[in-house]
Structures are given as C-alpha cells and as structure tokens.
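Entries follow in the order I took them.

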Amino acid sequence: MSAPEGWNPRIVVFACNWCSYAGADTAGVSRIQHQPHFRMIRVMCSGRIQPGFVLRAFEKGADGVLVSGCHIGDCHYLFGNERAVEQFEKTRAVTRILGLEDERLRLEWISAAEGARFAQVIDQFTERVRALGPSPLAREAR
Amino acid sequence: MDAGRHPLIDVVTNAQVVACSGEPGAFRVRVRKRPRYVREDRCVACGLCVEACPQVGGNEFDMGIKARKAIYRPFPQSVPATYVVDPDACLNFLNFLTPKQRDRLERIRAIKARKDPAYRTDFLVCGHCVSACEVQAIDFDMQPEETDLEVGAILVATGFQEFDARSLRTYGYGRLPNVVTSLELERMLNASGVTQGHVVRPSDLRTPRRILFVQCVGARGEGGRPYCSRFCCMNAVKDSLLIRQHDPAVEEVTILYTDMRAFGKGFDDFVERARSEESAIFLRGRPATIRHDPTDDTLEVFVEDTLAHEPRRIRVDLVVLSVAAAPNEGAVELARMLGIETDAYGFIARRDPAVSAVETCREGIFVAGSAVGPQVIPDSVAQASAAAARAARFLSAERVTLDPEPPPPLDLSGPPRIGVLVCHCGINIAGLLDVSNLVDHAAAQPGVVAAVDDAFACSSTGQETLARLVAEHRLNRVVVAACTPRTHEPIFRETLARLGFNPYLLEMVNIRDQCSWVHAHHPTEAQEKARALLRMGIARAGHLEPLEEGRAPVTRSALVIGGGIAGIQAATDLAEQGFPVTLVERSSELGGRLAAPRLWHLYPTDRPAVEVLARKVERLRASGARILTDTEVTGIVGCVGSFQATLQGAVTEILPVGAIILAFGADLADPAGAYGHGRLSNVITSEDLERAFFEGGPRVEGKPLRSAAFVLCVGSRDPEGFSGCSRYCCPTAVKQALALARQGVDCTVFYRDMRTVSSGAEEMYREARGAGVLFVRVPSGSHAQVLGETRAERVRCRDELLDRVIEVPADLVVLSVGMRARQPETARFHDILKITVGLDGFFLERHPELAPVETAVEGVFLAGTVQGPKDIVDSVAQASAAAAKASVLLAHDQVRLDPAVSVVDPDRCRGCGQCVEICQFHAPALKEIEPGTWVAEVNPSLCKGCGTCASWCPSGAITARHFTNRQVEAMVDALFAEASP
Ligand code: FES
C-alpha cells in the first residue's frame, strides 16, 4: 500500500523519565532538529510501558509506536528496562495477530546524553513508518 | 545539577579564594568573584544572546573544532544555567586589540569627549547581546566582587589539570594536528559535545580509520612524574569500545600500554570484553617517534613491541595521548593561603592517608578527589562523601528541619477545574509557535476554566500570574505549557505548594525543549504537535489525583556490623557527629585484618599496622560509640529509618536503629593447592609472611633466607574463579619484597600487570627495582612453575619482556592471595536484608559512580571490602563515605516518602507474588490477611515509584500512582482526538 501524497505518519513515543525523555530534552538544548510527527508520553521507567498502552495507541490511530528507555544496565531502577523487553515482546505477539507490520513497533535505548541519537532514531523511524503508509488499524479508527 | 538546586548549597562560580583566616570551626574565607556580565537572577538561559553575538572566540574546551561566541554557556548542563562573557573575545572589552590600538582608540575618545561634553566614553562598542536579551540580564557594569564567608570547615576539591603534552616533543602534540589528548577525545565522544559524539581528525574533520592510544603520557617516569594516573587505562578501553560501537568507519583501535591497570571493581571484565570483542588491539610499548607522512596525511608511529620483541611501524590517522593528571597550577598558592601542605609534585598533601584519606595537615580542612593525586570517579565520590562526614563535626549543631509550616490546604474537591498557563519563553516558544492559538485551543478543552499566556512563566511575575489564576478561578488542576518538567516541575510545584495547592495536581507540557527548539523547520507541524501535547496534558490533568507526602519516623542511631578498620572508621565518624552508634564485632577483638599478628607494616609509609590500629581504636573509644565484641547480628527486620536488629552473644537484645552499615570485610582466597601450596612446606601465602615478620622475619629450617619468590594474582584475575583484581596485592608484594631485599634476600616477583596505583605505590615499585628486586612478567594464560619435591627449590617462568625463561632459586615462595566475598556472612545478609550480590560475589553498590556506598535497600550502606577488594586507604575513605550517607538519613527525625508509588488493591490481588519477584527494592511483600488468603502489599518506604509492577501484575491489582493507566490512556486518547479550534 502506498501513502497518499503529503501524508504524515502519526507516531507515539513512550519514554522513561531518566534517559530517553531526557535525551529528547538534550536534543532540544542542542537544537538538533528532527521530524515533528511524533508525540511523547513520559513515564518514570520503561518497565511501566505495558502492552495495553501501546495497543491502545494503535487502536486509536497510531501508525507507529516507539518504546524507549535507558540502555541495559543503566535503568534508574536497576532492571526495569529488562522487564520492558519482556513487555515489548508480549506486545509484539499481539500486534502480529492484529496484522501490523513489525516495523511499526520499535524498541530503542537512548541515554540522557544522546540527543543526537534521539533525533536520528526519530528521523529513521518516521521515514520507515512513512514508507509503510497508514496503519491498517488506523484506517479503521479514522 | 542536584547541587545547584539544593536549598543549602550556594554555588559561587567564576570565583577564587584570595585569603583565609580563623580557626577550625570558625574560618573566614575571602572569595573574589569575577564578573560574568550576565545576571544569574535574571537569565532564563534562552540563548538569544549567543545567537546575536557576532564575535567568535576561542574555545579551550573544544580544541578549536567548534568556534565559540564571546558570550557562551560552557556546556549544556552547566550550573548555574547561565551564560558568561569572555572578556578576551568580547568586542566591548577591546582586549583583543593590541595595546597600541587600544591606546589610540582611547586617545581619540578622550579628544572627542573634550570637544563634545555630551560625548559618552562608556558606550558599548557592540552590545548586540544586550539588545537581544529580553529579560535585561546582560550587564557590562558588573565589577569583581569580594565577599567574606564564615565557615566551620573547608573542603578542597580542586581536581587536577591535564599534563601539558607539548613538553614531550616525541609525541608532536601541538605540532601535529591529528595528535590529540584524551580529554579532547572525550569532548568529541560526548553526545552534546563539539562533534556530537563522533571522532574526527582535527585536520580535515574526517572520521579516522585507525586510531592509536598512547598510555602513560607524562606519567610513570615520564616528564618527571613517577606516579600513575590511575584512570587512563580504563578510560582508553572505554573510549575504544565506544568508538567501535558508534563509528563503524573506524576500523582499528590500538592501545599502547605498559601495564593494564584495571584495578577497580569490574574493570578487568571490561578489559576482557574489549579484548574478546576485538574493539581494541593491546600492544605493550612506548612510541619512539611519531611522524607525519604528508603523502597520505597519516601518522607513522615507531614503537618497540615489548612482548613480541620486535620494532613496529604503525600507520594511523589519529593519535590520542592519554595524558597524566598534573597538579593544578593554583594548588600550591591555594595551599599556602589555607595553611596546608602540598606534596613533592604539588598535589594537596594529606596528614596520613592510612588514617584518613581526606584530612589535610590542618584541622578543619579536608580534601577529596584528584586534588591529592589522580583518582578514578568511584573513589573520588567516596572520598567526597567521606570529607563531608569528617567536616560535619566542625559545623554548628543546629540541623536542618524538613520544612517550615505548610500553608492550610486549599479545597480542591469537585470535578476538574483546570487552569492552563502557556509560556512564550520570550521568543523561544513564541518565535515559532502561535501562543494565542494554543491558549484558545486549551480553553476549548473539557474541564478548562481558564487559559492565559505569560512571557516567562517561571519568572516571578509568571508565578504571580499562576497564583492569581488559582485563586480567581478556584482551580483544582493546573497545566503549564512551557519547558521540560525535568528542570521546571520542581519550581512550579513549589509555587503551588506555597499556595496550599496539592503539587501533584500540576501537569507540565513540554512545548519548548521538545517542540519549538527542535522543529524550527516545520512551523505548521510544530504548531500541530504543540496543540496535541497540550490536549494530552489537559486530559491527563483531568485524571490527576492529589497525593500526600508520607512521613516515616527515623530512629536516629546506627548499627555498624564488623569491627575491622572500615567498621571502626564508620562508627567513629558517626559517633563524633553525635549519633548513637553500636558497633558489633563477632570476634573478641577489634581490628580485623590490621590486628596483630596479621599485618606487619603498611605501605607505602612503612608504619606498623598495630600502631595505626591503636590510634584508630583509641579514637573510636573516645567517640562514645558502643562497642560490642563477641556479639553477632542474627536477624534484621524493618526498613529505612526503623530497623530492628537481633543481637546475640556477649549481649543479647533487640536493637532499634535507623541506618545500618555493613563492614564485615572480605576473606582471603585459599590457594587450593596451587603452586604446591600445602604440599611444599615453604610455599606460604602473603598473610603467612606478614605473620612471620612478627616473629623476627621468615626463616628456612631455622636459617635466614637467601632468596624469595613472589607469585601474584593467586585467586584473582582468574577467568574460572574470581575474575577481578584484588587491588591490594601488587603493592603488598612490592612492600614485602622490598623489606626482604633490604635484609639482603634475593627477591623475584612474578607478576602479570604491575598495578601499583595507590598513592606512593609507584614510587615504592621503583625503589624495589632499585634495591635489586627482579620483576618477571608472566605471559597471559601461563603461570610460574614452582619446582621441588618436598619443598620448593626453584621457580621458573618465561619473562614476557625479555622473551627468555627465567629460573630463580627460592628458599621461600610467597603467594599473593586475592580477596573473596566473606562467607557465610555475605550470603546471610543477602538473605536477611535482600541486598543484591554482584557477579563477583561481593555486595552490589547502588551505582558505581553516583552511589558507591549505597545499596538498593534504602538505609543500608557498604563500608570497606564488603563491596569489593580494596586496600586500607580506600577502605577507610569508603567507610567515611558510608558514614556520611548514613548521617544524612539520621539528621532528621522523619524521612519523606514520595507518594507517587505503587499501591495494591487487595480485592483484586490474587497473591501470585510476581510483583515480589520482579521488584529490585523489595517493596511488595505477600501478607496473609486471613487464613489461606495472601495478598501483596507495597511498602511505601521501599517503593521507588518506577511503576514496573503495575504493568506486570497479571490481575491489574496494582496502581502506579501519578502514572495510572487512566492517566496514560487519557493522553493517548487526547492525542488522537480531532482538533477543534
Ligand atoms: S528508568 Fe529508564 S528504563 Fe528504567
């Protein structure tokens, strides 16, 4: 399926307070420009990002969802991000059943210092989702 | 950042101590503050001045790769978050003019002023920044200020400065552009630094394909500095890993080293990783010359590979010099002013590092970090805490109470009445986003009763606007759309709390850092994004619940478990600060490993251990601490602030305490038959040798020794067993060999890397070599062989450096045994207190750099070798650090409990216990509420509020307060709700 001309994806980013959200702030302080089609939802730890949040986003019309936290070993709460990986896998199992392409759902570790990397991840993910076109679920939602 | 925000810390930057008088407990320090020409109280850190500034100055921080303006912020996280004018670059100061030019200009001005009385000579040449600043923060009339501070104690933490590699001509630093220092590389690798995390060659800004690290530049005998800089080995290894991970274009990283000094906790594993992942090639040697080859613009390095025994010619694109830490230029002058001493190199001298790692020669003045000589970060942090603990004794007894009277709480009940404040942040937000459109959009959302804008929401007028809004509209929810909650939520929460408004009913929407600042090229989409974020924030606000901060009582006393040097130190520190302390020691005497006859003399001072111990114990007894020997701790229940410990033995009782310090030490490894130990009568451990010194020195069959061999790393750096370094053994073996050599014994030391890193140890190593001690480097993977039938006769090993088999006679073979986590204590306290144990078997600290003495269990701290191998100086420093952290907790009679934690709904909980399993902080626990019915309960004093259990709970029985499902889902829904006006 191809995206209509001028179509922009709608992306939801779930980020932990200590690393990824902070990394996005660092991109801001350093004025590293990136694609504007995502909306950020902050939680304290990536371990809080449960399948229900991600699935609701898809159900309501998201074309892509990015889950992000601290690098493994750096979680502010020691191992929350390892739980996040397990949650992510559960989520993925469901999105497959729903017929969503794997690339619409991504997990990334971004540290508080990695402003440039945050921007890069957003740009790449945005392009990827743009190439996939509107989510099959999103079309129903709309 | 935390220090900058702390209400009891005044940070005076751009300043210098110019005089000091008075005495311990009442010093008077004169501080001269250089003007920054930017008023900290006004600056909102928007950066408009930088944009306006036409003048480009140098940048000492970024090696000229990135130009800096004459007004700048040193780095993005700087405290204070304010700009500063560089008078040497700013046009207004004319400092860049030659004296002649300036003279001329001034003469012209004088003439003009004489002719025209209205002519002003004080005008600004440039002033772009002044007109750009929207809050009138720039003030060129600022003058240097001198202030006198009255303080009880002084802590010197002036760090080190980089050794100037220019002085060593072979390396070509300063002459060859592609030879950089490790600090410069660090700036490149920093994600917010000059090249945003990429390595480039300064000459052409291209990514180098091959990089060479040269270690020990200006250290270990070079440039007149015999000492080791401690951190460079690990730093080079870390950088090589980083570079290889982030820059695939870099094909090869080589590290030229002498000894791989990975002495800290987990360091050896790290080096192994670099080796096995082939992120770096390790080559032993020092470069003879570095030459620039203009034909292909590479650097040619000649070096002798001292392990392969061949000269090598290496061609690389970038050379990184791991430069030594040199004393700070101003250190000697500062020491003179403070009346303290410096050592032979110019570092701040300590009175006696074996007794205290942080005391200078003058009472009341302390030192921490690399000001005393190079330190790694975990040690620096521990010393800093230690110094703070020691300094506390000189401060007035008056302690800080939690907060003054809180105002009466406002009535916030009823359906949401949301007020929205949208900030312009000058042109930071309003320059890109249409703020009035945002205000209108907010006003149209359900539940919103008021929406206004403000030029600077965080300024005092902005805060007044907020207060007025709350009162006028009887708000019970507030949304502030401005910058990031990570920096500004505390400010707005405080304002609201002062009104009696529950601070948890505030929601911040980040439309600056994460919108206007990063989407400048997409104004339409940025506006759309800001609207969506605003809707999301308002939706969440509608579901926010007021939360009350909990308080738990603190028993203001401490328990120290273990009476070795670390326990003694920790107990003394706390007792001297006036806290009741109980020190429990299982055996009948204090001192642990320092007690006779276990340790003869200490390195590098060569003082008798018993003498140092006696002084320590004397001070402990004088401190008033309660000392219980022959007593054991058999159980502990409770949590931070209120533990109950069960003591058994000479004293049997239940002891209530607020904090616990674990200091029961480590075991020494058992050689387990290695090197003929146990079979050959004259193969002994390093500890046996210490004991022998007490009996007049070691003897063989009643006769004095003629020769001795030392084998290092027995039970350390063993891939099958303890893979770490035990840290104390290299200097100990050198100390022992030197002592024997002085008695005419021929000593040989079989080592792998000589890790004499502690202060004075490298010098001792040189002295031992001078005294004729033979050092044989054992090739990695191989071992020295002890030859003999019933007793050791000779020791044989190939010397990796000479590439020759060395065989020496040995009347005595001394095995330098490593450290092990003490058992069964470690396992037992792991069970009792649930403290995490690391892969190496030792207790795991909360964070190696940020929290080296804390554990995941709040209120429990680590002192000495329970956390990992350490020598006495480091154990003592760490013990003081643990005491400092405990005293912070004990300073109040209550602890604040963050209310944004998890709670369990007992009706929905099925008692499966999964939350108990996944929580690292042991906050949830199962409780039998009626026979056979178990439910989980979260202890709010243990919960850190990550919310992971709430997501994990299969029955949905756990709510993560302040990040509830409803709050998050409301945001998702609002995000996709179609926009109205
Ligand atoms: S806090 Fe960032 S992943 Fe846990």
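**Entry: H16 and H17 of chain B.** I began with the handedness of one helix pair: H16(B) and H17(B) cross in a left-handed sense. I keep in mind that this is a predicted model. H16 covers residues 565–576 of chain B, and H17 covers residues 609–623 of chain B. I read a crossing angle of roughly 35 degrees, with the axes coming within 9 Å. Next I listed the contact. H16(B) contributes B:Ile565, B:Ile568, B:Gln569, B:Ala571, B:Thr572, B:Ala575 and B:Glu576. H17(B) contributes B:Leu613, B:Lys616, B:Val617, B:Arg619, B:Leu620 and B:Ser623. I sorted the residues of this contact by class: seven are nonpolar, three polar and three charged.

**Entry: B:Ile872.** B:Ile565 came up again here, as a contact of B:Ile872. I located B:Ile872 in helix H22 of chain B, residues 872–890. Is B:Ile872 buried or exposed? Its relative accessible area is 18%, so I put B:Ile872 down as buried, the cut-off being under 20%. Setting aside neighbours within four places in sequence, I found B:Ile872 touching B:Ala354, B:Ile565, B:Leu594, B:Leu599 and B:Leu602. I also checked a distance. B:Pro906 is 34 residues from B:Ile872 along the chain, and their C-alpha atoms are 50 Å apart.

**Entry: H2 of chain A against H25 of chain B.** The crossing of H2(A) and H25(B) is right-handed. From H2(A) I noted A:Phe53, A:Arg56, A:Ala57 and A:Lys60. From H25(B) I noted B:Asn965, B:Val968, B:Glu969, B:Val972, B:Asp973 and B:Phe976. The contact of H2(A) with H25(B) holds five nonpolar, one polar and four charged residues.

**Entry: nonpolar cores.** I looked up the largest nonpolar core and found 118 residues in it. Those with the most contacts inside it include A:Val12, A:Phe14, B:Ile71 and B:Val420. Which helix gives this core its largest share? I found that H15 of chain B, residues 523–543, does, with seven residues. I then followed B:Val420. Beyond four places in sequence, B:Val420 touches several residues, among them B:Ala442, B:Val448, B:Leu469, B:Leu534 and B:Ile538. A second, separate core has 56 residues, including B:Leu689, B:Leu740, B:Ala792 and B:Ala810.

**Entry: H18 and H19 of chain B.** B:Leu689 sits in H18(B) and B:Leu740 in H19(B), and both are in the contact of these helices. H18 is residues 686–694 and H19 residues 729–742; I read an angle of about 40 degrees and axes 11 Å apart. That angle makes H18(B) oblique to H19(B). The crossing of H18(B) and H19(B) is left-handed. I counted the contact by class as four nonpolar, three polar and two charged residues.

**Entry: B:Val151.** Last, I went to strand E7 of chain B, residues 145–151, where B:Val151 is found. B:Val151 counts as partly exposed because its relative accessibility is 26%. Apart from residues up to four places away in sequence, B:Val151 touches B:Gly25, B:Ala26, B:Phe27 and B:Val29. B:Phe501 is 350 residues from B:Val151 along the chain, with 37 Å between the C-alpha atoms.

Methods. Residues are numbered from 1 along each chain as its sequence is written. Chains are lettered from A and ligands numbered from 1 in the order in which they are written. This is a predicted model: local features need pLDDT of at least 70, side-chain atom pairs count only at pLDDT 80 or more; totals for chains, interfaces and linings use all residues. Side-chain values use heavy atoms; hydrogens and water are left out. Axes are lines fitted to C-alpha atoms, for helices over the stretch in contact, and angles run from 0 to 180 degrees between N-to-C directions. Helices (H or I, at least four residues) and strands (E, at least two) are DSSP runs, numbered from the N terminus. Angles under 35 degrees count as roughly parallel, over 145 as roughly antiparallel, 65 to 115 as roughly perpendicular and the rest as oblique. A crossing is left-handed if the near helix is turned anticlockwise from the far one by less than a right angle, and right-handed if clockwise. Contact means heavy atoms within 4.5 Å. Ala, Val, Leu, Ile, Met, Phe, Trp, Tyr, Cys and Pro count as nonpolar, Asp, Glu, Lys and Arg as charged, and the others, Gly among them, as polar. A nonpolar core is a set of buried Ala, Val, Leu, Ile, Met, Phe, Trp, Tyr and Cys residues joined through side-chain atoms within 4.5 Å. Buried means under 20% relative accessible area, exposed over 50%, partly exposed in between (1.4 Å probe, protein chains only).
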